[in-house]
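Please find below a short note on the structure under review.

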Amino acid sequence: MQSNGPAQVDFGDGQRQVRELVDRLMSALRGGANLSPLIAEELIEALAKPDRVSAARLTRRQVDVLRLIAGGCRMKKIAAELNISTRTVETHKYEMMRNLGVRTTAELIRFAISHGIAAPG
């Protein structure tokens, strides 16, 4: 029996794990990301549901403003109720929209309802 090179032995899953580890190490050395498939899957799921991540970005005051906006209050009434200026209310609104990645007041209200900040209807 003649051999043309080193013997190839299949160790099943163990061999695949070693190969994956070597691939990740090589990727890391080249400056690439080193994510396990499980972590990558969880990351993709989290990115697919940005609302869950984004809800934590709101301050207590922004939640107060959002609840009143979703309740149909005008800027002037929100300002009076929270004892702040209408400009501050507008700033909170636009900061929320920017942080949450929404473009319209309707999307902001939809966010408030879907996260239990405001009741529907």
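1. Confidence. The model is predicted. Its mean pLDDT is 78, with 61% of the residues reaching 70 or more. Among the elements, helix α3 (residues 50-54) has the lowest mean pLDDT, 49, whereas α5 has the highest, 95.

2. Architecture. The protein contains 7 helices and 0 strands, which gives the order α-α-α-α-α-α-α from the N terminus. Of its 121 residues, 22% are buried. The exposed surface comes to about 9,300 Å², and carbon and sulfur atoms supply 54% of that area. When contacts between residues at least 6 apart in sequence are considered, 42% join residues at least 24 apart.

3. Helix α4. Which residues of helix α4 (residues 60-70) are buried? They are Gln-62, Val-63, Val-65, Leu-66, Leu-68, Ile-69 and Ala-70. The cover over these buried residues includes α5 (75-82), α6 (86-100) and α7 (105-114). Just after α4, Gly-72 adopts a positive phi of about 95 degrees.

4. Gln-62. This residue of helix α4 has a relative accessible area of 6% and therefore counts as buried, the cut-off being under 20%. Its side chain reaches the backbone nitrogen of Thr-59 at 2.9 Å. Apart from neighbours within four places in sequence, Gln-62 is in contact with Arg-57, His-92, Glu-95 and Met-96.

5. Salt bridge in α4. The whole structure holds 3 salt bridges. One of them joins the side chains of Arg-67 and Asp-64, at 3.8 Å from N to O. Both residues lie in helix α4, 3 residues apart, or about one turn of the helix. Arg-67 is partly exposed, at 40% relative accessible area, and Asp-64 is also partly exposed, at 23%.

6. Glu-90 pairs with Arg-87 in a salt bridge whose closest N and O atoms are 3.6 Å apart. In the salt bridge between Glu-95 and Arg-98, the corresponding separation is 2.7 Å. Glu-90 and Arg-87 are 3 residues apart in helix α6 and so are separated by about one helical turn; Glu-95 and Arg-98 are likewise 3 residues apart in helix α6. An α-helix has 3.6 residues a turn, so residues three or four places apart point the same way.

7. Glu-90 is partly exposed, with a relative accessible area of 29%, while Arg-87 is exposed at 54%. Glu-95, which also contacts Gln-62, is partly exposed at 31%, and Arg-98 is exposed at 56%.

Note on methods. Residues are numbered from 1 along each chain as its sequence is written. This is a predicted model: local features need pLDDT of at least 70, side-chain atom pairs count only at pLDDT 80 or more; totals for chains, interfaces and linings use all residues. Side-chain values use heavy atoms; hydrogens and water are left out. Helices (H or I, at least four residues) and strands (E, at least two) are DSSP runs, numbered from the N terminus. Buried means under 20% relative accessible area, exposed over 50%, partly exposed in between (1.4 Å probe, protein chains only). Contact means heavy atoms within 4.5 Å. Accessible areas come from the Shrake-Rupley method with a 1.4 Å probe; for residues, only the protein chains shown count as cover. A polar contact is a pair of N or O atoms within 3.5 Å; within protein, one must be able to donate a hydrogen and the other to accept it, and residues adjacent in sequence count only if both atoms are side-chain atoms. pLDDT is the predictor's confidence in each residue, from 0 to 100. A salt bridge is a side-chain nitrogen of Lys or Arg within 4 Å of a carboxyl oxygen of Asp or Glu.
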